[in-house]
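Colleague: Could you walk me through this model, starting with the words you use for it?

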Amino acid sequence: MTSPTTARNKRAGRKSAGGLAAEKSAESRAFPIVAIGASAGGLEVFRGFLDAQSPKSGMAFVMIQHLDPTHPSLMVELLSSHTSMTVVQAADGAPLEPDHVYLIPPGVSLAIRDGLLRLSKPTERHGTRLPFDFFLGSLAEACGELAICVVLSGSGGDGSVGLRAIKEKGGLVIVQDPEEAEFDGMPRSAIATGAVDFVASVADIPDLIFRQLHPATSGGVDATKSLAHATSDEFSHIIGLLRDKTSHDFSVYKKGTLERRLEHRMNAVRLENRLLYLKLLREKPGEAELLRKDLLIGVTQFFRGKTAFEFLSNEIILDLVNQQKDVRPIRVWCPGCSTGEEPYSLAMLFLEAFEELKRPARLQIFSSDINGDAVAFARDGLYPNTIEADVAPDRLARF
């Protein structure tokens, strides 16, 4: 039986003196890291982004593009004229510094660990590589709420898996407007995840990032009552009103994530003042439900938490199937199923176990979620090609 694997076990329990120094360095870093991904049309959108980006933002930028592994890259030379920031090709073991731009070299996988850039040899065939997803996964773990993902022009769906990891850790996700993108595959695939904070033109994205990180300096209606200056009482009143109108209590959710999603909804109704938005919530029928849906961002993927699924597959599911003595089905319940990736992952593991033990497949899986739209999506069972990053080819062919 094919089982998902994880590299995390290889790193468990190993800390050298150098590793401790790197850990201290990572802990002391207090600046955001912006991961920018593109494939087809990438050079032009990278140029457009740098043209609009302040060279003194205090952020580090990592640009990931699909490059031909058989040819050297000229991206450093091609992009350096569009910014006064230092533009370099990423080197293994290099620390990230603010106001620097790091470019992925051809033919490698790029990650960030312990505050350092790490290069490795890809294990996938070139045609199926998703270098942006690979980097985003490591960035989410390394930087949490300081991680920012920007998806630009490109074909395919690279980034759509990794951006969910960024969202799970409280980071920010921005996507280029598909109508503007030369190739809209990557932007549209990202938007389809439902985990995107903002969709904007390339020229507007740098300012949008700045305003999310420094709302106190943003302009707009009544800036003294902007998101940064709003009292915690106003936020609590909005969450309380949402609970009263929808019976959903968001008070235990991560506040930073909620505030970003709240601002996303306020931008949609063209309000920059929480007091005015609170008034809208009280007076406009249906607004509370629209806000609830905006806050319910499901973060999931097939075989998410690979170590846990390995344990389930090898230690639990085979034993359950082996112990089944009568015609009654094994029953499984997946609460908080989001868009269905978890119950379908379990279904695959159980069906493989039934086959391995040569038993008739008697199985019922029940799934539930407070988000009715997510359950409807799960019921359809239709997923984009980006799940190839999480589901092995033999499983994709069979299921």
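Modeller: Let me begin with contact, which means heavy atoms within 4.5 Å. This is a predicted model, so local features need pLDDT of at least 70 and side-chain atom pairs count only at pLDDT 80 or more, while totals for chains, interfaces and linings use all residues. Residues are numbered from 1 along each chain as its sequence is written, and side-chain values use heavy atoms, with hydrogens and water left out.

Colleague: Okay, how many helices and strands does the protein chain have?

Modeller: The protein chain has 16 helices and 11 strands, where helices (H or I, at least four residues) and strands (E, at least two) are DSSP runs numbered from the N terminus. Among the contacts in the protein chain with a separation of 6 or more, 73% join residues 24 or more positions apart.

Colleague: At what angle do α11 and α12 pack?

Modeller: Helix α11 (residues 274-283) and helix α12 (residues 287-295) pack at about 120 degrees, and their axes are 7 Å apart. The axes are lines fitted to C-alpha atoms, for helices over the stretch in contact, and angles run from 0 to 180 degrees between N-to-C directions.

Colleague: And which residues meet there?

Modeller: From α11 come Tyr277, Leu280 and Leu281, which meet Glu287, Ala288 and Leu291 of α12. The residues of this contact are 5 nonpolar, no polar and 1 charged, with Ala, Val, Leu, Ile, Met, Phe, Trp, Tyr, Cys and Pro counted as nonpolar, Asp, Glu, Lys and Arg as charged, and the others, Gly among them, as polar.

Colleague: New topic: how many cavities of 30 Å³ or more does a search of the whole structure find?

Modeller: The search finds 1, and the largest cavity has a volume of about 40 Å³. On a 1 Å grid over the protein atoms alone, a cavity is a set of points where a 1.4 Å probe fits but cannot get out, and lining residues have an atom within 4 Å of a point. Grid points are joined across faces, edges and corners, and the volume is the space filled by probe spheres set on the points.

Colleague: What lines the largest cavity?

Modeller: Its lining includes Phe46, Met63, Ile64 and Gln65, and the largest share, 3 residues, comes from strand β2 (residues 60-65). By class, the lining has 7 nonpolar, 1 polar and no charged residues.

Colleague: How many disulfides does the structure hold, and why?

Modeller: The structure holds 0 disulfides, a disulfide being a pair of cysteine sulfur atoms within 2.5 Å. For Cys334 the closest cysteine sulfur, in Cys337, is 7.3 Å away, so the two are too far apart for a bond.

Colleague: Is Cys334 buried or exposed?

Modeller: Cys334 counts as buried because its relative accessibility is 1%, and Cys337, at 3%, counts as buried too. Buried means under 20% relative accessible area, exposed over 50%, and partly exposed in between (1.4 Å probe, protein chains only). Buried residues make up 46% of the 399 residues in the protein chain.

Colleague: Which loop holds Phe303, then?

Modeller: Phe303 is in the loop between α12 and α13 (306-323), and this residue is buried, with a relative accessible area of 0%. Its phi is near 55 degrees, a positive value in a residue other than glycine.

Colleague: And where does Asp114 lie?

Modeller: Asp114 lies in the loop between β5 (109-113) and β6 (116-120). Asp114 is not a glycine either, yet has a positive phi of about 55 degrees, and with a relative accessible area of 45% Asp114 is partly exposed.

Notes
On a 1 Å grid over the protein atoms alone, a cavity is a set of points where a 1.4 Å probe fits but cannot get out, and a pocket is an open set with protein on both sides within 12 Å along at least five of seven lines; lining residues have an atom within 4 Å of a point.
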